Number of protein chains: 2
Amino acid sequence: MKLLEDFIAEKGRVYPGNVLKVDSFLNHQVDVRLMDKMAAEFYSHFSACEITKVLTIEASGIAIGCSVARLFDVPLIFAKKTKSLNLGDDVYVSRVSSYTQGKEYDVTVSREYLRNTDKVLLIDDFLAIGNAMKGLIEICDQAGAGIAGIGICIEKGFQPGGEDLRKMGYNVLSLATVESMTQNGEFTFKERS
Amino acid sequence: MKLLEDFIAEKGRVYPGNVLKVDSFLNHQVDVRLMDKMAAEFYSHFSACEITKVLTIEASGIAIGCSVARLFDVPLIFAKKTKSLNLGDDVYVSRVSSYTQGKEYDVTVSREYLRNTDKVLLIDDFLAIGNAMKGLIEICDQAGAGIAGIGICIEKGFQPGGEDLRKMGYNVLSLATVESMTQNGEFTFKERS
């Protein structure tokens, strides 16, 4: 998606450890118009899939997840990263280790909201190692829910998450795939198909 | 807002410790259509205020925050609860203690995204004790940003947050104010003005 690549090239900043900071428009300050335009791309790609739920993970997947769920006219579920007192015990749980936060956490979804009759579109803002997404897949598997596809805003093409998920057979649409980036702010993107 | 009261009365569940669980439509599974209708109420109330930013707090404020920011056509900022490696040091910080999670955490916003020229609409899904909202206010004060008002989906009228904020002089709009609730699922709401 050229618009997203332009945002990354113009506003993205690269920090040591292959950290790509895009928090001026994606995951701290949010450009809601951009979210809606990205959501339209996901809708166009997955519209024939009879999606019943959009599933993402807090916190930075929620903004794009809402825009996508609106277009499909289905509920958004955001998986929780910490088990709060409000959640109850009747949950699916998957353990995830976070690259950027340097720690492990549990991802949970209430059993009530994900069923074996659901057809789920998984959405996230970033795909790098892919651990968070694999956690969401495990939760769908626990629920017996079908996975129609995976929509990612920014994939780091030089990290293995995307290739892993495609090898597992999932229909993965990444709107921008960063092939390389430098701390001077030079980016190359995978050619758009 | 009658629609939101109906959602609470029909789908809300009450747990010991005055916990109101509305995670079937507000803060785990999200009814995006309801978010948009609530956002329209906030827009109608605050539309003359020349809002430049909508500020909320991760994670459960993001869904309603996006819908509100779309209507005002301004960026959403969501304050972060844990300092990740990606955020950098140049942040406003406020310490908040959470009632539902039983712990303290830092709320942070990058200095870059909030300026003394901003006029901010604060949005959150819940108002009870009010600690999270007071944290956001402190962050706006640190930035020298103006606070145009506070929009809350569900206020617990039997807890002091709303009264505190109104005494502080803020224009607080709560779309549903729960005056009492029982574990049998009986709710009374403050009369709508």
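Predicted model: local features only at pLDDT ≥ 70, side-chain atom pairs only at ≥ 80, totals over all residues.
Visitor: α3(A) and α3(B) pack at an angle of about 65 degrees, with their axes 9 Å apart; why are these two helices called roughly perpendicular to each other?

Guide: An axis here is a line fitted to C-alpha atoms over the stretch of helix in contact, and the angle, from 0 to 180 degrees, is taken between N-to-C directions. Angles under 35 degrees count as roughly parallel, over 145 as roughly antiparallel, 65 to 115 as roughly perpendicular and the rest as oblique. The angle between α3(A) and α3(B) is about 65 degrees, and the pair is therefore placed in the roughly perpendicular class.

Visitor: Which residues of α3(A) and α3(B) meet, and which handedness does the crossing have?

Guide: Ile62(A), Ala63(A) and Cys66(A) meet Ile62(B), Ala63(B) and Cys66(B), contact being defined by C-beta atoms, placed from the backbone, that lie within 7 Å. The crossing is right-handed, a term for a near helix turned clockwise from the far one by less than a right angle, with anticlockwise giving left-handed.

Visitor: What makes α2(B) oblique to α3(B)?

Guide: Helix α2 (residues 32-46) and helix α3 (residues 62-72) of chain B pack at about 50 degrees, with their axes 8 Å apart. That angle puts the pair among the rest, which is why α2(B) is called oblique to α3(B). Their crossing is right-handed. Among the residues that meet are Met35(B) and Phe42(B) in α2(B) and Ile64(B) and Leu71(B) in α3(B), and the contact as a whole divides into eleven nonpolar, one polar and one charged.

Visitor: How many residues do the two chains bring into contact, and which element of chain A gives the most?

Guide: In chain A 29 residues are in contact with 29 residues of chain B. The elements of chain A that give two or more residues are β2 (19-21), β3 (29-30), α2 (32-46), α3 (62-72) and β5 (76-79), and α3(A) gives the most, with five residues. On this side of chain A there are 15 nonpolar, eight polar and six charged residues.

Visitor: How do you know that β3(A) pairs with β5(B)?

Guide: Two strands pair if DSSP finds at least two bridges between them, and β3(A) and β5(B) (residues 76-79) have two, in the antiparallel sense. In one of them Gln29(A) has Ile77(B) as its partner.

Visitor: Why do β3(A) and β11(B) stand at the edges of the sheet?

Guide: The open sheet of seven strands, with mixed pairing, has the order β3(A)-β5(B)-β4(B)-β8(B)-β9(B)-β10(B)-β11(B). β3(A) and β11(B) (187-189) each have a single partner strand, so one side of each is left without a neighbour in the sheet. Three bridges join β11(B) to β10(B) (residues 172-181), antiparallel, and Met181(B) stands opposite Phe187(B). By contrast, β9(B) and β10(B) run parallel, joined by six bridges.

Visitor: What makes the bond from Glu58(A) to Ala59(A), and Asn18(A), worth a look?

Guide: Most residues other than glycine have a negative phi, and most peptide bonds are trans. The bond from Glu58(A) to Ala59(A) is cis, with omega near -5 degrees, and Ala59(A) lies in the loop between β4 (53-57) and α3 of chain A. In chain B, a cis bond joins Glu58(B) and Ala59(B). Asn18(A), although not a glycine, has a positive phi of about 60 degrees, in the loop between β1 (13-15) and β2 of chain A.

Note on methods
Residues numbered from 1 in each chain as written. Chains lettered and ligands numbered in written order. Helix = DSSP H or I, 4+ residues; strand = E, 2+ residues; numbered from the N terminus. Nonpolar A, V, L, I, M, F, W, Y, C, P; charged D, E, K, R; others polar.
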